[in-house]
Amino acid sequence: MTLRIGIAGISGRMGRLLQEEVAAAGGTLSGGIGRDGDAAALFAGSDAVIDFTNASTAERHAGLAAEHGKALILGSSGLSAAQETAVMAAAKHVPIVYAANFAPGVNLLFALAERMGAALPPEQYDAEIVEMHHRQKVDAPSGTAIGLGRAVARGRGRTLEEVGMESGRDGHTGARATGPIGFAALRGGQVVGEHTLLFAAGSEQIALTHRSFDRRVYATGAVRAAQWAAGQPAGLYDMKHVLGMG
Ligand SMILES: NC(=O)C1=CN([C@@H]2O[C@H](COP(=O)(O)OP(=O)(O)OC[C@H]3O[C@@H](n4cnc5c(N)ncnc54)[C@H](OP(=O)(O)O)[C@@H]3O)[C@@H](O)[C@H]2O)C=CC1
Ligand SMILES: O=C(O)C1=N[C@H](C(=O)O)C[C@H](O)C1
């Protein structure tokens with residue numbers, strides 16, 4: 001039997017592509033909902049649900065996945081700490097792939113960010129993350145930018161909360177502090193997604209940039225994650241597990 005995949009956010013930019021990618025991967029589209037849809041019925045009739053909606057809906061869908069015993073692929077960004085805690089609680093009951101970014105190249109960048117964080121000490125190298133997205137994006141910094149910040153902090157043996165985030169610099173900010181990771185978010189036009197991680201020191205700078213040209217790269221990754229997750233025990237996973245990078 002083919003995997004029955006449901007889509008939450010089916011009329012959105014991602015949802016429209018996900019429909020095509022489910023078919024291309026040989027899955028069965030079990031249904032799709034927008035804001036007025038019946039989420040409980042979607043979960044009941046699916047083996048796995050892919051959610052690209054928004055933070056509060058994602059939290060609710062994590063609860064429904066646990067209740068119905070179904071795998072969940074979570075692409076929505078902008079979740080608060082409390083919402084992420086709720087996702088972690090649901091993942092005790094079902095497999096959940098919660099990925100800030102489903103593009104393979106970005107997941108390699110996460111691994112490189114951790115290595116760079118470990119190799120380039122904060123006393124000498126200021127870490128800055130710049131991202132740009134389309135004008136419709138409602139959250140900032142992007143989930144991917146935060147993921148990069150978390151990876152750099154992890155490389156430095158700390159959490160992002162411990163090292164601190166400096167974002168929205170404006171006016172008389174004073175000199176840059178040593179340690180916090182800087183974030184800048186640009187919004188405009190129809191930019192699919194661009195992220196640059198850079199480390200600046202007194203006498204050198206190193207920067208890595210990822211650009212997505214087509215959001216289909218996320219849809220392909222999310223469907224691949226659904227096929228992978230359906231065979232996994234309960235737990236919280238991300239794309240590095242799906243790609244065999246973790
Ligand atoms: N992790 C990743 O790789 C990626 C993550 N994203 C994230 O995915 C999310 C969606 O992005 P995008 O597709 O561009 O956004 P869109 O705004 O285009 O689509 C979101 C869709 O969610 C639907 N929605 C809103 N509330 C609910 C609800 N309660 N139940 C079901 N559906 C609901 C909306 O439906 P309606 O039409 O009824 O309003 C809308 O169509 C964002 O958080 C974005 O940051 C995006 C790309 C890649
Ligand atoms: O909203 C988007 O479009 C994207 N959101 C994700 C994020 O917040 O990082 C992933 C990708 O950058 C596109």
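This is a predicted model: local features need pLDDT of at least 70, side-chain atom pairs count only at pLDDT 80 or more; totals for chains, interfaces and linings use all residues.
Ile 7 stands opposite Gly 32, a residue of strand β2. Ile 7 and Gly 32 are part of the pairing I want to start from: strand β1, residues 4-8, runs parallel to β2, and five bridges join the two strands.

Now the wider sheet. As a reminder, strands in a sheet pair through hydrogen bonds of the backbone, in either a parallel or an antiparallel way. Here the pairing is parallel, and six strands make up an open sheet. Reading across, the order is β2, β1, β3, β4, β5, β11. At the edges are β2, residues 28-33, and β11, residues 235-237, each with pairing on one side only. From one strand to the next, the twist averages 20°.

On to the whole protein. The count is nine helices and 11 strands. The radius of gyration is 18 Å, close to the 18 Å that the globule rule gives for 246 residues, so the protein is as compact as a globular protein of that length. The C-alpha trace spans about 60 × 35 × 30 Å along its principal axes.

Two more numbers on packing. Of the 246 residues, 44% are buried. And among contacts with a separation of 6 or more, 68% are between residues 24 or more positions apart.

Terms used. Residues are numbered from 1 along each chain as its sequence is written. Chains are lettered from A and ligands numbered from 1 in the order in which they are written. Two strands pair if DSSP finds at least two bridges between them. Helices (H or I, at least four residues) and strands (E, at least two) are DSSP runs, numbered from the N terminus. Axes are lines fitted to C-alpha atoms, for helices over the stretch in contact, and angles run from 0 to 180 degrees between N-to-C directions. The radius of gyration is taken over C-alpha atoms; the globule rule is 2.2 Å times the number of residues to the power 0.38. A residue is buried if 20 or more other C-beta atoms lie within 10 Å of its own, exposed if 12 or fewer, and partly exposed in between; C-beta atoms are placed from the backbone. Two residues are in contact if their C-beta atoms, placed from the backbone, lie within 7 Å.
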